[in-house]
Amino acid sequence: MLFAIPCRESSLSNHFAKAPQIMLWDNQTNAKRILELPKSSSCCGHKHFWREVLQDNQVNAVVVRSIGSNMLSTLFKLNVRVLSAPRGFSLENFDENQLTPVTQIEFARPSANKNKANCSAAIGMRKAYSEVRVTGSRKLTNKLSPQAMNHLAKAFKLIDQQEKK
């Protein structure tokens, strides 16, 4: 079985998506590999990288201490087995018997700092920008606020001088 483990300097990280490294451990060959997560200014950047790692490496299970509800939901959808590690769990003396299977979304913790609007707005702006570059469209239809749309229109010079009057 191939495990993906969020870690920080060979120790289990307390938060799944905020870990600076991912340890891939094959329990059959005892092979371990550490992947550094790329720097990301986006609030969702690490989550996208995690998803790629899990799919590209055909990871069977992840080990967590705590995890947000969106990420846990994603893992369930990907059919990745989620295992909870107790406080003080050692990666050096990895013992699968100490892990508890996570099967309910209620295990996840809502993040007090998560601002979904920022992630949505950033994604919406990238979509809008791509649409303008590809189609050359002057009118954007999106789910962004009117203020954000005006800001985009000004930034990309989509407002004709006649429209300003």
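This is a predicted model: local features need pLDDT of at least 70, side-chain atom pairs count only at pLDDT 80 or more; totals for chains, interfaces and linings use all residues.
**Overall make-up**

The protein chain contains five helices and seven strands. Their order along the sequence is β-β-β-β-α-β-α-β-β-α-α-α. The chain has 165 residues, and 34% of them count as buried. It exposes about 10900 Å², of which carbon and sulfur atoms supply 47%.

**Strand E5 and its partners**

Strand E5 covers residues 61-64. Strand E1 (residues 2-8) runs parallel to E5, and two bridges join them. Strand E6 (residues 81-84) also runs parallel to E5, and here the bridges number four. The table lists a residue pair for each of these pairings.

| Strand pairing | Bridges | Residues standing opposite |
|---|---|---|
| E1 and E5, parallel | two | Ala4 and Val62 |
| E5 and E6, parallel | four | Val63 and Leu83 |

Between E5 and E6 the chain passes through helix H2 (residues 69-77), and this β-α-β crossover is right-handed.

Which way do the residues of E5 point? Ala61 and Val63 point one way, while Val62 and Val64 point the other way. In a regular strand, side chains alternate between the two faces of the sheet. In E5 the residues pointing either way are all buried.

**Nonpolar cores**

The largest nonpolar core has 21 residues. Those with the most contacts inside it are Ala4, Phe16, Ile22, Leu24, Trp50, Val62 and Leu75. At least two residues of this core come from each of E1, E3, helix H1 (45-56), E5 and H2. Leu75 gives an example of the contacts made by one member: beyond its neighbours within four places in sequence, Leu75 is in contact with Phe16, Leu54, Val62, Ile67, Val80 and Val82. Another core lies apart from the largest one and has 14 residues, among them Leu12, Leu83, Ala85 and Leu99.

**Aromatic rings**

The count of aromatic pairs comes to five. One aromatic cluster is formed by Phe3, Trp25, Phe89 and Phe94.

**Two single residues**

Ser13 sits in the loop between strand E2 (11-12) and strand E3 (21-26). Is Ser13 buried or exposed? Ser13 counts as buried because its relative accessible area is 5%, and the cut-off for buried is under 20%. With neighbours within four places in sequence left aside, the residues in contact with Ser13 are Pro6, Cys7, Arg8, Ala19 and Arg65.

Ile34 belongs to strand E4 (residues 31-36). Its relative accessible area is 38%, so Ile34 is partly exposed; this class lies between the cut-offs of 20% and 50%. Not counting residues up to four places away in sequence, Ile34 touches Cys7, Gln21, Ile22 and Met23. How far apart are Ile34 and Met23 in space, C-alpha to C-alpha? The distance is 4.5 Å, although Ile34 and Met23 are 11 residues apart in sequence.

Key. Residues are numbered from 1 along each chain as its sequence is written. Side-chain values use heavy atoms; hydrogens and water are left out. Buried means under 20% relative accessible area, exposed over 50%, partly exposed in between (1.4 Å probe, protein chains only). Contact means heavy atoms within 4.5 Å. Rings of Phe, Tyr and Trp (its six-membered ring) pair if their centres lie within 6.5 Å; planes under 30 degrees apart count as stacked, over 60 as edge-to-face and the rest as tilted. Two strands pair if DSSP finds at least two bridges between them. A crossover is right-handed if, with the strands pointing away from the viewer, the path from the first strand over the helix to the second runs clockwise. Accessible areas come from the Shrake-Rupley method with a 1.4 Å probe; for residues, only the protein chains shown count as cover. A nonpolar core is a set of buried Ala, Val, Leu, Ile, Met, Phe, Trp, Tyr and Cys residues joined through side-chain atoms within 4.5 Å.
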